Amino acid sequence: MADADPSASRRQRGPMPLPDCVALVLQGGGALGSYQAGVIEALGESGIDIDWVAGISIGAVNAAIFAGNPPERRIKHLRAFWDEVTSALPSFPIFPQDVVREFVHEWSAGAVLATGVPGFFRPRPIPPSLAVPGTVEALSFYDSTPLAATLDQLIDWDLLNNGPVRLSVGAVEIESGNFRYFDTHDTEIDARHVMASGALPPGLPPVEIDGKLYWDGGLVSNTPLIHVLDNQDAPMLAFQVDLFSANDQRPRTIMDVMAREKEIRFSSRTRSVTTERMRLRAEREAIRKVLAKLPAELTDDPDVVALREQATELPVNLVHLIYRANAWEGGSRDFEFSQRTMHEHWHAGREAIAETMANARLVAQNIIDGKTAAFDLTHR
């Protein structure tokens, strides 16, 4: 699908020519976020530099650590974060069978519910139903203040706000229900903005910013893709890292039902945004083709000029990297913070990039030709 600027400048970085902007779009998904860390590590090893990183919930945490560290410290600090939050549930030998894995998986998730996650959140000493109404203690089951200290330890906020990587994180303002993106393009971001993006109720408390309370952006949209596309100002290659797959087998047990419900709920918005934006681009291309056939005397007609401006757009190539769960991962997969599972998710993210790079010629040709397309090069 030809776009408006096929002659856009390109850079050769790593295994393929890259457009002026390379974006990394990170979905929410709690403990599954270590898959994103594996993707980030493998992208760096492939020589693909990121200009803009946008995240929701755990994606916002990974994005902030990425943008708030120089390249040589990014993976070290991502590992430090994921090692810390999984330190209470270390790996131990188990029989490699799905039934056993599922039991350990659910047990680990139960331990998180009971004790919290180191460096992330901890249970409140009294339940919120017994707290004074209107206080922060009455608004959530867990206290997320440990995350503030963790972020401050791992992130250089001055670099994050003034460095070369643009950062966007999304949250929902509670009273209006409006979605808002905090973007280093126009906002000074600190730990509050990242925590607000991941403040999923009723587990985690809302975060106050400038007198307003914010919850997890995933309540409205679990992907920041629409923000990135709406603010695109250059030819773009976007890697969208999704932690829930839209496609899976029909459920056979109640645990399957819980897992499948969560997959559909968190993946549907991502799928609809991608489908809608690609459809709009196809329509705009059709408009441009019709405009090109108009007689010369209509070129400067105000209506034609206005329509041409509305139909003009920059090319974007969207590469989907979708985590596809193991058979033993149930509905608690997003809060099962064990080291064993974290390492497996991280490895899966690295493998996704390896598969994508093996098929990178498809994306590279589109970039060279100035075309728009969406790819899932790891589909199986």
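## Terms and basis

Buried means under 20% relative accessible area, exposed means over 50%, and partly exposed lies in between (1.4 Å probe, protein chains only). This is a predicted model: local features need pLDDT of at least 70, side-chain atom pairs count only at pLDDT 80 or more, and totals for chains, interfaces and linings use all residues. Residues are numbered from 1 along each chain as its sequence is written, and side-chain values use heavy atoms, with hydrogens and water left out.

## Arg 340

Arg 340 is found in helix α11; helices (H or I, at least four residues) and strands (E, at least two) are DSSP runs, numbered from the N terminus. With a relative accessibility of 24%, Arg 340 counts as partly exposed.

Arg 340 and Thr 86 lie 254 residues apart in sequence, yet their C-alpha atoms are 8.7 Å apart in space. Contact means heavy atoms within 4.5 Å. Leaving aside neighbours within four places in sequence, Arg 340 is in contact with Ser 91, Phe 92, Pro 93, Ile 94 and Arg 101.

## Helix α1 against α11

Axes are lines fitted to C-alpha atoms, for helices over the stretch in contact, and angles run from 0 to 180 degrees between N-to-C directions. The axes of α1 and helix α11 (residues 339–358) come within 6 Å and cross at roughly 40°. The two helices are therefore oblique to each other. Angles under 35 degrees count as roughly parallel, over 145 as roughly antiparallel, 65 to 115 as roughly perpendicular and the rest as oblique.

The crossing of α1 past α11 is right-handed. A crossing is left-handed if the near helix is turned anticlockwise from the far one by less than a right angle, and right-handed if clockwise. On the α1 side, the contact residues include Tyr 35, Gly 38, Val 39 and Leu 43. On the α11 side, they include Met 342, His 345, Trp 346 and Ile 353. The contact of α1 with α11 divides into 10 nonpolar, 4 polar and 3 charged residues. Here Ala, Val, Leu, Ile, Met, Phe, Trp, Tyr, Cys and Pro count as nonpolar, Asp, Glu, Lys and Arg as charged, and the others, Gly among them, as polar.

## Helix α1 against α3

Helix α1 (residues 34–45) also meets helix α3 (residues 71–85): their axes come within 11 Å and cross at roughly 165°. That makes α1 roughly antiparallel to α3. The crossing is left-handed.

Ser 34, Ala 37, Ile 40 and Glu 41 of α1 make the contact with Ile 75, Leu 78, Arg 79 and Trp 82 of α3. By class, this contact has 5 nonpolar, 1 polar and 2 charged residues.

## Salt bridges

A salt bridge is a side-chain nitrogen of Lys or Arg within 4 Å of a carboxyl oxygen of Asp or Glu. By this rule the count comes to 13. Glu 41, Glu 45, Arg 79 and Arg 350 are linked in a network of salt bridges.

Helix α9 (residues 254–292) holds Glu 283 and Arg 279, 4 residues apart and separated by about one helical turn. Their side chains meet in a salt bridge at 2.8 Å, N to O. Glu 283 is partly exposed at 38%, as is Arg 279 at 43%.

Arg 281 forms a salt bridge with Glu 313, with the closest N and O atoms 3.7 Å apart. This pair links distant parts of the chain, 32 residues apart: Arg 281 sits in helix α9, and Glu 313 in the loop between α10 (302–311) and β12 (316–322). Both Arg 281 and Glu 313 are buried.
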